[in-house]
Amino acid sequence: MILANEYAEVEVDLVRTRNGMRLRIAAPRTGREILLCPLELEALTWQEHEAFSALLATPHGPEH
Amino acid sequence: MTFDPVTALADVRRGMIPAYIYNDEEVFRLERERLFSRAWVFVAHESELPEPGDYVVRRVLDDSFIVARDEQGTVRVMFNMCLHRGMQVCRAELGNASHFRCPYHAWTYRNDGRLAGLPFHVDAYGGEDGFAKRGERLLPAPSMDTYRGFVFISLDPNAPPLPEYLGDFAFYLDLYARQSPAGLEFRGPQRWRVKANWKIGAENFAGDSYHTPHTHASVVDIGLFREPKANKRKEGALYFAGPGAGTTYKLPPGDFAEKLRYVGYPGEMIERMGALWSPQQRMLVEDDGFMVSAATLFPNLSFVHNWPQIDEAGTVAPFISVRQWQPVSQNETEVLSWFAVDGAAPESFKRDSYKAYLMCFGSSGMFEQDDVENWVSITEMAGGSMAHRFNLNSRMGLTSAGEPITPPMTAFSGPGTARQGFGEFNQRHWLSMWLDHLETAPPATERLDLGART
């Protein structure tokens, strides 16, 4: 599934591993991706949007 | 010949309108400087932003604003210019985003306007000392308020409170906007540009019942609408109240429910209107027998409520459209036309009402096409040299001594002043507000430094 707005586009897929599953979030424009397990995803549910603002403090991604 | 404000304004005050004001660069410059710099201007309806992160981009003349619902659910209006190099931050007309990232250097703002990040803050600026990003935010609209979900802004930081501004017109606005506690639900807008001056549409909707029988004759001929025939239109009342003015139709005899059924409302909607409306609002319909149709809230927001026949079986369905006459220049206007319907209305009603709207208004609507042909032509004529030589007569309803030929109505339960029959009282009322702005110096504003420790 592709999610996009005027600022970003990501591909979201379910990835089945031998013994479980992960959610893959890929950003074709930056070439980066991350595979999140259910626990990590659950942890996202208790974040405030401020947490993402902190991630976006460096809007291009890591600066090192 | 150049615009001579003193003479022109005196002419307009006596109902004689210099024809060139409908296509004149200097007049438009004054409107920009003195009217749109101050007036409360509609930018969006909250139903266009139902979820956190929903946003639309709207303009007040050349100034672009983001109207967004932040993650806490608060609707905000922010100037759409990046604090860094002035790039437009939101360029899509609408969308959903938790953060807005400037396309130029990637400065990133939360959807409540706060600056969340900028690349290489430490390397490039030396951190907070060089650029104090903490506390910086996209500039909020100088004044902003909402009424019944209608979001208004004013570029004047000292604008009068919105409720005070709306005044007695709120009574009529509620007849469109408060058919149930759910309020209106907006769809659209359709947006298009016409080579016409923005004032013409605003004045037309404020009170021109006189054009309907002729301009819209074809609408009656094909059986789309029963009402515009001259003798029927003449029975309607014209009212002005506060910053608004509008037209009504006289309904056939009957009680409150029968009158609203004639207009095409189903029983459950009539019950809700009856329960919610004030005694005066109900009396306007039931005892006085008037139903609101077109109206304009100064300066450039109009409403229309009509009830055409939408099929060969004669099904009558009412619709509401809200429209904005967004000036582009002295001879071009961007029209934004929304379909609006009570959020609690049954789905079948919403469907029929939408069809009624599309048949009459919107870019394909018959009324719309009839109107615009006139307005484009007026604008063209007003741009020539002859238009500087004479004043249009906008004195309908007045004797040579300036006395009204008909007294104000007493059997009219709404506030303001109402008269039955044709007249240009409403257009003169609109123009008098326009004049008040043009005669007044622009509001004081101040200049802000961004991100600088001073």
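1. Let's start with the hairpin: β17(B) and β18(B) make one, with two residues between the strands. Here β17(B) covers residues 319-329 and β18(B) covers residues 332-342. Elements are DSSP runs numbered from the N terminus: helices are H or I with at least four residues, strands are E with at least two. The two strands pair in the antiparallel sense over nine bridges, where pairing asks for at least two DSSP bridges between the strands. Ser329(B) has Glu332(B) in β18(B) as its bridge partner, and Ile320(B) stands opposite Ala340(B).

2. A word on provenance before going on. This is a predicted model, so local features need pLDDT of at least 70 and side-chain atom pairs count only at pLDDT 80 or more, while totals for chains, interfaces and linings use all residues. Residues are numbered from 1 along each chain as its sequence is written, with chains lettered from A and ligands numbered from 1 in the order in which they are written. Chain B averages a pLDDT of 93, with 98% of the residues scoring at least 70; pLDDT is the predictor's per-residue confidence, from 0 to 100. For the complex, the predictor gives an ipTM of 0.80 and a pTM of 0.93.

3. Which strand sits on the other side of β18(B)? That would be β12(B), residues 184-194, which pairs with β18(B) in the antiparallel sense, also over nine bridges. Gln190(B) stands opposite Ser337(B) there. Nine of the 11 residues of β18(B) are buried, so the strand is largely enclosed by the rest of the structure. Buried means 20 or more other C-beta atoms within 10 Å of the residue's own, exposed means 12 or fewer, and partly exposed is in between, with C-beta atoms placed from the backbone.

4. Zooming out, these strands belong to an open sheet of eight, in the order β12-β18-β17-β16-β15-β14-β13-β20 of chain B, with antiparallel pairing. The edges are β12(B) and β20(B) (417-420), each pairing on one side only. Neighbouring strands are turned by 20° against each other on average, direction ignored. Axes here are lines fitted to C-alpha atoms (for helices, over the stretch in contact), and angles run from 0 to 180 degrees between N-to-C directions.

5. Further along the sheet, β13(B) and β14(B) run antiparallel and are joined by four bridges; Tyr239(B) stands opposite Gly246(B) in β14(B). These two strands form a hairpin with two residues between them, and Gly242(B) in the turn has a positive phi of about 55°. On to the next pair: β14(B) and β15(B) share six bridges in the antiparallel sense, with Lys250(B) partnered by Phe290(B) in β15(B). Six of the seven residues of β14(B) are buried, so this strand is largely enclosed by the rest of the structure.

6. What lies across β13(B), β14(B), β15(B) and β20(B)? Helix α15(B), residues 425-438, does, running at about 20° to β13(B). Its axis and that of α2(B) (residues 25-35) come within 8 Å and cross at roughly 80°. Leu30(B), Arg34(B) and Leu35(B) of α2(B) meet Trp434(B), His437(B) and Leu438(B) of α15(B).

7. Another helix to look at is α6(B), residues 198-207: 10 of its 10 residues are buried. Among them are Trp198(B), Lys199(B), Glu203(B) and Phe205(B).

8. Chain A has two helices and four strands, ordered β-β-β-β-α-α from the N terminus on. Its C-alpha trace spans about 35 × 25 × 25 Å along the principal axes. Buried residues make up 6% of its 64 residues.

9. Finally, the interface. 19 residues of chain B are in contact with 12 residues of chain A, contact being C-beta atoms (placed from the backbone) within 7 Å. On the chain B side, the elements giving two or more residues are β6 (94-96), β7 (99-101), β8 (108-110) and β9 (115-117), and β7(B) provides the largest share, three residues. By class, this side has nine nonpolar, six polar and four charged residues. Nonpolar covers Ala, Val, Leu, Ile, Met, Phe, Trp, Tyr, Cys and Pro; charged is Asp, Glu, Lys and Arg; the others, Gly among them, count as polar.

Definitions and conventions: Two residues are in contact if their C-beta atoms, placed from the backbone, lie within 7 Å.
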